Amino acid sequence: MTTDPGTDAETFPYEVCGRTLTCRYMTDAQRLMLRRLVGQWQQADERQDEEEMKRRFEEMNIKTLTVIESLIVDPGDVAFLEEQMLLGKVKLKDLRPIIAGGTTEDPAPPEDDQPPKPRKAASKAPKKPVKKTVARASRVKK
Amino acid sequence: MIPNLLHVTRPSQVTVTLLGRTWLLSGHSAADWIGGIGWDVDTLLGVLPGMVVAQQLEELFDLSWEHEDLSTRLLYAAQAAIGKAAGRDWIWAYNLSRKCLQGWPYFNGILLGRGIRADQVAYPDWLDAAYMLLWERGDESDRKALDFELLLPPKNMSVVASAASSRKMLEAFAAD
């Protein structure tokens, strides 16, 4: 993890098409807002006809791509990325991890109809020997 | 405008000024506000941007890229929002909300038994009820300790304490 010299924001590397991009992290506030927005856009989709849904989907993708490009430090990397997307070598889904800080997105929630995973057994570390204190009998001077 | 003190100090709809604009927050009930605080008690993200109304969210998101100090500004605005929503000093409202969150089954359980539902009662009214619950179950010493505890600026976050809250804290300390 390094820092962006322009803003001191922490950065992380992300590899796409053999090129390593330097990316900034979204703030927690931005990530929360984006999650809310995606939820809103998806809800709007359910209420629209097919044409409107396509339009909203396209708008959402453009917005997501804009966000991703905002996180890439080097404008040269942005230009490279756009070129690769035009060539069909990179899809938006390949770039989504950038929003999540380079990791895979939130794991799927656990299935409610599956048994819980067994807890890991406590490690059997060797017990420290207990110091035995032996009460010394007091010497009684007779 | 209705000249009503309670309407003014305990508005049903809260707005905050942030980045030069006015933002409307969606919280109404105690559950909205306490839940918003509880989402992240250190950053108050559940209040801001969590409670910004849907119609303004995209605008705030677009603006967030232009301000590197947004996290700090959001925190301060969230603190102000809590104070406005509670009709009290935000530190008092935050501390009491957090205290209730920590013992939620206890507080919520007793107030439910009294017919006070967090999802139906306004935030300031619920805080009044929770405060009285603590107050009536303590003796004089407990009440003084409670009042002092509620006025202490939270250690877990940067605070813009109002002059009024600082004065109250000093008065409470001096009374001790």
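Me: Helices (H or I, at least four residues) and strands (E, at least two) are DSSP runs, numbered from the N terminus. In what order do the elements of chain B run?

Reply: From the N terminus on, chain B reads α-β-β-α-α-α-α-α-α-α-α, which comes to nine helices and two strands. The model is predicted, so local features need pLDDT of at least 70 and side-chain atom pairs count only at pLDDT 80 or more, while totals for chains, interfaces and linings use all residues. Residues are numbered from 1 along each chain as its sequence is written, chains are lettered from A and ligands numbered from 1 in the order in which they are written, and side-chain values use heavy atoms, leaving out hydrogens and water.

Me: What are the elements of chain A?

Reply: Chain A runs β-β-β-α-α-α-α from the N terminus, that is, four helices and three strands.

Me: Why are strand 2 and strand 3 of chain A called a pair?

Reply: Two strands pair if DSSP finds at least two bridges between them. Strand 2 (residues 10-16) and strand 3 (residues 19-24) of chain A have six bridges, in the antiparallel sense, so they meet that definition. One of the bridges joins Phe12(A) to Cys23(A) in strand 3. The two strands form a hairpin with two residues between them, and Cys17(A) in the turn has a positive phi of about 50 degrees.

Me: What makes a residue of helix 4 of chain B count as buried?

Reply: Buried means under 20% relative accessible area, exposed over 50%, and partly exposed in between (1.4 Å probe, protein chains only). In helix 4 of chain B the buried residues include Leu70(B), Leu74(B), Gln79(B), Ile82(B) and Gly83(B). In helix 2 of chain A, Arg56(A), Met60(A), Lys63(A) and Glu69(A) are among the buried residues. Buried residues make up 41% of the 176 residues in chain B and 28% of the 142 residues in chain A.

Me: What makes a set of residues a nonpolar core?

Reply: The members must be buried Ala, Val, Leu, Ile, Met, Phe, Trp, Tyr or Cys residues joined through side-chain atoms within 4.5 Å. The largest such core has 79 residues, and Ile98(A), Leu25(B), Trp33(B), Val47(B), Tyr123(B) and Trp126(B) touch the most other members. Its largest share, nine residues, comes from helix 4 (residues 70-86) of chain B. In soluble globular proteins, nonpolar side chains tend to be buried together.

Me: Which residues does Ile98(A) touch?

Reply: Contact means heavy atoms within 4.5 Å. Leaving aside residues up to four places away in sequence, Ile98(A) touches Phe12(A), Tyr14(A), Leu21(A), Cys23(A), Ile68(A) and Leu71(A).

Me: What area is buried between chain B and chain A?

Reply: Buried area is the accessible area (1.4 Å probe) that two parts lose on being put together, summed over both. Here the value is about 1,500 Å², with carbon and sulfur atoms giving 69% of it. On the chain B side, Leu57(B), Phe61(B) and Trp65(B) lose the most area to chain A, together 41% of what that side buries. The contact takes 19 residues from chain B and 17 residues from chain A.
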